Amino acid sequence: MSATMQKRIRLIPRLLIILALIAFVGYFIIYAIYAFELFKFPFDYDQGEGFELMDTVLFSQGEWPYRNNDIYPFYSSNYPPVFHLAIMPLVWLFGAHYWTGRLVSYVGTLITAAAIGYAVQREGKRYWLSALAGLAFLASNYVYHVGALFRQHLFMVMFETVAVVFMTVLIEREEADGKKRNGLLAGVMALLLLAGYTKQLAYATVAAIFSFFFIRQPKRAVLWAIPFALVTGLLFLWMDWATDGYWMLNTVIANINPFVPGQAEGLYKQWFMLHTVLAVTAVLYAIYQLYFERLSLYSVWFVIALVNSATAGKWGAGESYFATAIAASCILTGLAFSRLLNWAKDERRGFWWETAVLILIPLLFLVQANKMFHMPTHTPALAAIARALGKPTEVYIAPQTSCSAPRDPERIPYVDSAGVSLLGRPPNAADAAAGKKIAAFVAEGDTPAFAEDAGFNFYIGREIVTNPTQLLNLYNNGEVDLTEMLAMLDNQEFDTVVLRAQFYPPETLNSIGQQYETQELVQMNGFVYCVMRPRE
Amino acid sequence: MSKRQVGFLFIGVGVLAIVGMFGMDMVGAGQYNGIGPAQKKGMIVSAGAILFGLTLVPLGDRAA
């Protein structure tokens, strides 16, 4: 074949790489649009965000959020403190705003993506591939849904990913020159501690790192596991002592929730369907490493994280529990493709092999991009792009009702391969107006609202009363005494009650039903809120 | 560790888990007569660990 012909054929993989980069940069832009709309939105978008803000406010005032739920204001947190402590300076500077935690979580996902890109780049030395691996993480439907929310899960994934990448670098450098790097190892342990005290689920990554460490250096792994366990345990005991036992009650006992096998099975299937290329490549590369070369930490991490994703089947858990496995699969995919490119680049393979692999890899990324399609279509430009890609430009979803009559499906300008999703559509002016309307209703009374979302009380500067899901968790474990709360409701001591999903314990809901009646139904973010006043 | 050692580790853990599950019955800790549903799942996982370990044993002294 002539050199000119070869040159022309070489244009095909280049074009495909550019297309793949456009697709994933496009997802990144969409993620940024969604994040900036969320930053502007002053109420809860996902149930529970306001309570994370409340935790941050309590820390910023030098108080623990692990409290006695039996007494007014019946509030406690069920999450460890690191995420809230990281946001605390922003609350000191700017006050209690939802954007503070959303921004920190969003930046955390960018750091995770950068760590993934770095992990691939240091081995593969191809910027386009490293960029695609990092951007693929941000393009995941699950990361998109929750990455810019005031939730701590992806902040934990950031610590986990950085710890795993550092540990890999550390072991490789030590094995290359035989010098021990205990300072860097202590840094990895600190990152693991931060991950675990951001969210308890990080134990899977702790297990992965120590399993890998044990395979490579058994004696040293045991020697480091002892102080790590000691520090983790002492910190736990100190917090439990400092909170009179409410740390243990609220973060451990309250998290013992029933396991729903169907939920776990459904989420595994959905994860695989949405992330097929990443999942298959990661599994194949992990098997290859297991049987034909040395296991990398990334493979061990991926397998343990994937098994641990089964905990997504717990009541109250969900898709975000797959985020660690997704981060690991992005790294393994980037590394596997780097190896494949190096293999094909060998002069013995010749022009056609190299070209075929160079075409295959961006094509697989494009297939992956199509599988995880999600796009808000609230602007004419975004709707036009969705249409040009042959995707629908809207879906019809019935608003979520729990305390009011079912409603007809409504047009939602957001499409998502994950199916019907209440997360992902950027909140709009109507949602903000609805939130302000409920807040104004609460402001007409003199007391804080007994509300399932914290946002309305925050908006008018009133105290936050109750954390409904936490109360339900404790109730289901027989660890809360509702006497005082029920007496206050029976005496109609709250001027307003706001329900969204009826997450409160049954006895609380019963008391609300007897003493309060719905005055207004207000729809916000696809949920119908029941705004209630005391019965005459 | 070698691949063989990792294989033996998985086999050992799998065997210990099965012995532990039957041991629970012997001390009367189980809720069911015979093999209960949790034990059945545990046995399947343990058997999987043993089989996985067995595939690693032939790989010998190559570094894991």
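**Stop one: the second largest pocket**

Start by selecting α14(A), which gives the most to the lining of the second largest pocket, with seven residues. Before going further, a word on the ground rules: this is a predicted model, with local features needing pLDDT of at least 70 and side-chain atom pairs counting only at pLDDT 80 or more, while totals for chains, interfaces and linings use all residues. Residues are numbered from 1 along each chain as its sequence is written, chains are lettered from A and ligands numbered from 1 in the order in which they are written, and side-chain values use heavy atoms, leaving out hydrogens and water.

The pocket has a volume of about 850 Å³ and a lining of 27 residues. To find its centre, select A:Val300, A:Val303, A:Ile304, B:Phe10 and B:Phe52, the lining residues that lie nearest to it. Then colour the elements that give two or more residues to the lining: α9, α13 and α14 (297-308) of chain A, together with α1 (3-26) and α2 (37-56) of chain B. (Helices here are DSSP runs of H or I, at least four residues, and strands are runs of E, at least two, numbered from the N terminus.) By class, the lining has 23 nonpolar, four polar and no charged residues. For those classes, Ala, Val, Leu, Ile, Met, Phe, Trp, Tyr, Cys and Pro count as nonpolar, Asp, Glu, Lys and Arg as charged, and the others, Gly among them, as polar.

How are pockets and cavities told apart? On a 1 Å grid over the protein atoms alone, a cavity is a set of points where a 1.4 Å probe fits but cannot get out, and a pocket is an open set with protein on both sides within 12 Å along at least five of seven lines; lining residues have an atom within 4 Å of a point. Grid points are joined across faces, edges and corners, and a volume is the space filled by probe spheres set on the points.

**Stop two: where A meets B**

Now show the interface: ten residues of chain A are in contact (heavy atoms within 4.5 Å) with eleven residues of chain B. The two chains bury about 860 Å² between them, 59% of it on carbon and sulfur atoms; that is accessible area (1.4 Å probe) lost on being put together, summed over both. Select A:Ile215, A:Leu290 and A:Tyr291, which supply 61% of the area that chain A buries against chain B, more than any other three residues.

**Stop three: two cavities**

The count of cavities of 30 Å³ or more is two. The largest holds about 90 Å³ of space; among its lining residues are A:Ile397, A:Glu410, A:Arg425 and A:Gln523.

Most residues other than glycine have a negative phi, and most peptide bonds are trans. Zoom to A:Tyr72 and A:Pro73, joined by a cis peptide bond with omega about 10 degrees. A:Thr466 has a positive phi, near 70 degrees, and sits in the loop between α19 (455-459) and α20 (468-476) of chain A.

Finish with A:Glu354 and A:Arg10, whose side chains meet in a salt bridge (3.3 Å, N to O). A:Glu354 lies in helix α16 (residues 351-371) of chain A and A:Arg10 in helix α1 (residues 3-40) of chain A, so the pair ties together parts that are 344 residues apart in sequence.

Technical notes:
A salt bridge is a side-chain nitrogen of Lys or Arg within 4 Å of a carboxyl oxygen of Asp or Glu.
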